[in-house]
2 protein chains.
Amino acid sequence: MVKNNIKNACLVVIGNEILTGRTQDKNINHIAKELFKVGILLNYVCVIPDIQKTIVKEIRRLKKDFDYVITTGGIGPTHDDITAESISFAVKREYKLHQGAFKELIKYYKKIKSELTDARKKMAYMPSGSKLIKNKVSGAPGFNIENIYVFAGIPSIVEAMMREFVKSIKNKNKFYSSSITTKLFESKIANILAIAEKNFTDVSIGSYPIFDGKPRGVEIVISSLANKKNAQKAKKFIQTEINNII
Amino acid sequence: MVKNNIKNACLVVIGNEILTGRTQDKNINHIAKELFKVGILLNYVCVIPDIQKTIVKEIRRLKKDFDYVITTGGIGPTHDDITAESISFAVKREYKLHQGAFKELIKYYKKIKSELTDARKKMAYMPSGSKLIKNKVSGAPGFNIENIYVFAGIPSIVEAMMREFVKSIKNKNKFYSSSITTKLFESKIANILAIAEKNFTDVSIGSYPIFDGKPRGVEIVISSLANKKNAQKAKKFIQTEINNII
């Protein structure tokens, strides 16, 4: 879905540990920020359990609707790491040993003087035809097949893989984003924001209450990818109107 | 979808601020933990933008598949707070002033000696026939219509609303969950876990690497809702097998 050359992305977080509350996810926020920096719209995130049928269904549904589908989690060495096999199934490609990934693992485990067991070797299995997303942190690479980018779940490894992903994006855009903080309550400025939203097309205006037991004011975020000029005009309009009622 | 009397839930996080990375979500983890405590399976989470068409589509899709659909975000006083109106549309009910909610707002703003503006009054609009989910923190109630529970986005208010939700659940279950921590690497115990997973049905076995630059070991989480006895047997089996290889 290309619109003004703007690409969109979705993120699929795979892991029971997020759904049971055992683990607080940290990857959504990091990936969201990094995508925002290079002007890719993150339009959808879902968190799903480690169940092959669910993974296959979600991947097939989302890969049609988004330019980039990023997944996190489930590519380690144990029985509950079923992401690579599930994605092979979803894209109807053979789940097989990737020679390049296998070499990476041999190199890594030699370096840390540890054994490359069969369980670890499993981390080199992925859909036939995948490109590797290398990572120096744990040695085990993620992979890219079609428009799907498969990352690990551990935040430091996700950060390394996200750097590789960003490097691979050729046409980077830039969002214009700026904010106004006011002590006025949301309800006081609701009307101003509604008018600004109507008058400035291609501009997104968000209002976020500052709240610490009591309302303390609002942060207004004005952003645009397609039209920086309009976003600047919108900001000026909102600031002037707020000054008029203070 | 009732199975052994176990109910399932999904969570819809509504808010551009999560998708742009501006805000780190804190509600997913809190709601996941609270649902786990009362034995409701959180099976799906999604994060979607403040766009009416998207909200309506997701709510209609998910309310058929889950016993409980919880939403967070988008019920404040400004133009980008469109959750209540979107949900009215999704369930085909009139979006109208709820007299009980209106009374709550009058009471709250009298108490904090602030004006009940038109923008604030908007927070009493919701689908016809809604039950209120009261909250003492901000005065503005969430609501329940059909199997949909609509919460605010601010974490302290979500916590208050989640307490009301939990109170309303009549038949609370309890998950059995226990864990084993070992310094062995995932790859060393992969085989043991695979056998345990096969032999103990109704038991979920998760393995989570402990990682701080280097792998430091694994936490194995054994849990079950339907069969506590089997979960205890699985834990004993895994512990014995691990002791055998140390």
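1. In what order do the twelve strands of the open sheet stand? In this predicted model, the order is β6(A)-β7(A)-β8(A)-β3(A)-β1(A)-β2(A)-β2(B)-β1(B)-β3(B)-β8(B)-β7(B)-β6(B), with mixed pairing; strands are DSSP runs of E of at least two residues, numbered from the N terminus, and two of them pair if DSSP finds at least two bridges between them. At the edges stand β6 (131–133) of chain A and β6 (131–133) of chain B, each with a single partner strand, so one side of each has no neighbour in the sheet.

2. Within chain B, strand β1 (residues 8–14) runs parallel to strand β2 (residues 41–48), and seven bridges join the two. Asn8(B) is found opposite Leu41(B) of β2(B).

3. Over all chains, the whole structure holds 16 aromatic pairs, a pair being rings of Phe, Tyr or Trp (its six-membered ring) with centres within 6.5 Å, called stacked when the planes are under 30 degrees apart, edge-to-face when over 60 and tilted for the rest. Tyr95(B) and Tyr125(B) make a tilted pair, 5.6 Å centre to centre with 45° between the planes, and this pair links strand β4 (residues 95–97) of chain B with strand β5 (residues 125–127) of chain B, the two residues being 30 apart.

4. Tyr108(B) and Tyr109(B) pair edge-to-face, at 5.1 Å centre to centre and 85° between the planes. Tyr108(B) is buried at 10% relative accessibility, as is Tyr109(B) at 7%, where buried means under 20% relative accessible area, exposed over 50% and partly exposed in between (1.4 Å probe, protein chains only).

5. Residues are numbered from 1 along each chain as its sequence is written, and chains are lettered from A and ligands numbered from 1 in the order in which they are written. Local features need pLDDT of at least 70 and side-chain atom pairs count only at pLDDT 80 or more, while totals for chains, interfaces and linings use all residues, and side-chain values use heavy atoms, leaving out hydrogens and water.

Notes
Helix = DSSP H or I, 4+ residues; strand = E, 2+ residues; numbered from the N terminus.
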